[in-house]
Amino acid sequence: MRFPHRRARRATPGSRRSILLPALVATVALGALAPPAAGYQDQSPKELVESARKVQKEFEMFRQSRIPVEQERQGGGCDERIGRICIWFGGAEESDFPAERSEVKAARVEMISHLLYVHERVKDPWVLGQLVHYMTEDGGIGSAERMARECGIDEEWWCHMLRGYVLHVYGNVISAREAFDEGLRTMPPEELDRWTAVRYVIPRNEAEAYQKLDPDARAAWWSTYWRLSDPLFLVEGNDRLTDHLARWVQARNFEDAETPQMFWEEDAEETLIRYGRIQGWSRTHAPQRSGAGGARGFTLQDTRRVVGHHDPMSRGYLFPERFMESPADVPPESWITAPREARTWYAPPYAPDFRGLESQVGRFRRGEDMLVVGAYAPEPVRAPSTKVAATPSFDGTDRGSPARPAPTGPVQAALFLVPVDGADWVVTGGEDARGVLTLRAPPGEYVSSLEVYDADGERAWRARQGIKQTPMIPGLVALSDLVLLAPGAPFPTSLDEAVPHVRPGVRIAQGERFTVVWEVYGLRVEEPARVTIGFTQGRPDFLTRVGDFLGIVEPDDPVEVTFDDPGPDGIQSAFRAVELELPELEPGNYTLHLRLDLPGREPSITSRPIIVE
């Protein structure tokens, strides 16, 4: 993604000015970046801070002048516009920007020297912020962290936030979170409202509703939202949250300061908070248009644009805010989104290649506990007859992205159940590149996450969805989820036999024979039941997600089979399996339904979305 903007300087009333030409900018800037002279010792604190502001401004002017200028490419306009900023999605071209020139690095070092000189004499928050920012940019992480830790200003909360920024950029997410938490805890209330606002990361109406919550409810919302927005639970810390706060640190540093791109206003702030820090800069210019009669017109307007580049592997990882009232209702993989679909972007540094995970998750009952079964495979598992060479996008549909070899192991794999009430999560793990994981937990409301992490290959896969289960009510009948078994699996007589063969995914080839299993709870001995299994086109509605249908399925054109079940020999529960042959359905999304009718009782229904290929 790139953010071009035609740069313009403020002009005095009635005047017309264009951007300074590069040669002139260089002359002015380099003269100002000389080492501090003895004359500075006689300046007042206010004058010293003003000299720091002047040097910072002229450094950024000099930096801009040293970005090579290329002719602007002909494009189709903006993919998105935020105020003055035109945003377009460049894909692999995001990495196509020139390296920083040596004279820019030298100028930065001189500017840092001047900022240090001022900071030693005046403990000013703006100067300290710029000093930490440019030290970090220059690679002096240790010096930047020490400056923030030693602080010296009255606004100690700002020092904590600066230190969190440095630690996050350095990759120490755990310590960064501790520093940020301390900064949030000690900052004034008006600052806290600003830093914990979500007006840029979620749509305006939801953000306004959040601001109207009482402080305790807002704090609970904030905690849940960022907990569920953590890209990978397998990696310690929450780098998405620390990156969000690091963006705010940078935004505050850019206020009343020069940047390579434009004067800092709210549109620039929103762009930074939503899309993250800039990786590098490039500069383009638009050719002048011909004047009347074909003559080349003369204008003082500068047609050069400074373009900011972001990580081309950025994606959207934030939890969908529309499910914050009931996170356990979030459907499978609805919140890792591709760049054009995401409101905010982020690229985990530990896994530049981050994809949706082919998976199938099912719930069963074991006494008072909930048993969760999760089968996974890092790449799509398809029948041999299919010839599709694409990986699933994050919403479960194919979009032609090139397939990549799945890891052969060892990897880190885990199944997490994250309680929506903030309690500790339940987790089980392994080192198989593909397989089946199971865990038991009390009934409740959770968000599940199946994850695979290949640290050596810097790749990760995950699949998340809401899961909830209430305790069994005596006298009622309940169904487990439907679970599909892998092709060639032996026909099971119990769930224990079926679990190792659970299919990692819900893709089924046209005409394929497959086995589906489920359990029934609360049946009486030899209580007869009528079972109806059928397919309907499309997926269940978000609020009637898998396993939670409350009504009776009545499709316009059902495809179904009905048979009688004599009931269990014992009481309470029964395992069932049936082999089905998929009818000649057109490729697409479908839902497999099972309805259980019992004499004198309400029918029970369970469903499983499938993809027909």
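Guide: Let us begin with a pair of strands. Strand β2 (residues 69-71) and strand β5 pair in the parallel sense, over three bridges. Two strands count as paired if DSSP finds at least two bridges between them. Helices (H or I, at least four residues) and strands (E, at least two) are DSSP runs, numbered from the N terminus. Please note that this is a predicted model, in which local features need pLDDT of at least 70 and side-chain atom pairs count only at pLDDT 80 or more, whereas totals for chains, interfaces and linings use all residues. Residues are numbered from 1 along each chain as its sequence is written, and side-chain values use heavy atoms, with hydrogens and water left out.

Visitor: Which residue in β5 is the bridge partner of glutamine 71?

Guide: The partner of glutamine 71 is histidine 285 in β5.

Visitor: Is strand β5 enclosed or open to the outside?

Guide: We judge this by burial: buried means under 20% relative accessible area, exposed over 50%, and partly exposed in between (1.4 Å probe, protein chains only). In strand β5 (residues 280-285), five of the six residues are buried, so the strand is largely enclosed by the rest of the structure.

Visitor: How many helices and strands does the chain have, and what percentage of its residues is buried?

Guide: The chain has 13 helices and 25 strands. Of its 613 residues, 53% are buried. Among contacts with a separation of 6 or more, 74% are between residues 24 or more positions apart.

Visitor: How are two packed helices described?

Guide: They are described by the angle between their axes and the distance between the axes. Axes are lines fitted to C-alpha atoms, for helices over the stretch in contact, and angles run from 0 to 180 degrees between N-to-C directions. Helices α4 and α6 pack at an angle of about 5°, with their axes 10 Å apart. The two are therefore roughly parallel to each other, since angles under 35 degrees count as roughly parallel, over 145 as roughly antiparallel, 65 to 115 as roughly perpendicular and the rest as oblique.

Visitor: Which residues of α4 and α6 meet?

Guide: Pro125, Leu128, Gly129, Val132, His133 and Thr136 of α4 meet Trp158, Cys159, Leu162, Tyr165, Val166 and Val169 of α6. By class, this contact has nine nonpolar, three polar and no charged residues. Here Ala, Val, Leu, Ile, Met, Phe, Trp, Tyr, Cys and Pro count as nonpolar, Asp, Glu, Lys and Arg as charged, and the others, Gly among them, as polar.

Visitor: Is glycine 435 buried, partly exposed or exposed?

Guide: Glycine 435, in strand β14, counts as partly exposed, at 24% relative accessibility. Leaving aside residues up to four places away in sequence, glycine 435 touches Gly374, Ala375 and Tyr376.

Visitor: How is strand β15 placed?

Guide: Strand β15 (residues 444-454) is mostly covered, with 10 of its 11 residues buried. Eight bridges pair β15 with strand β12 (residues 412-419) in the antiparallel sense, and 11 bridges join β15 to the antiparallel strand β16 (residues 459-469). Serine 449 stands opposite arginine 464 in β16.

Technical notes
Contact = heavy atoms within 4.5 Å.
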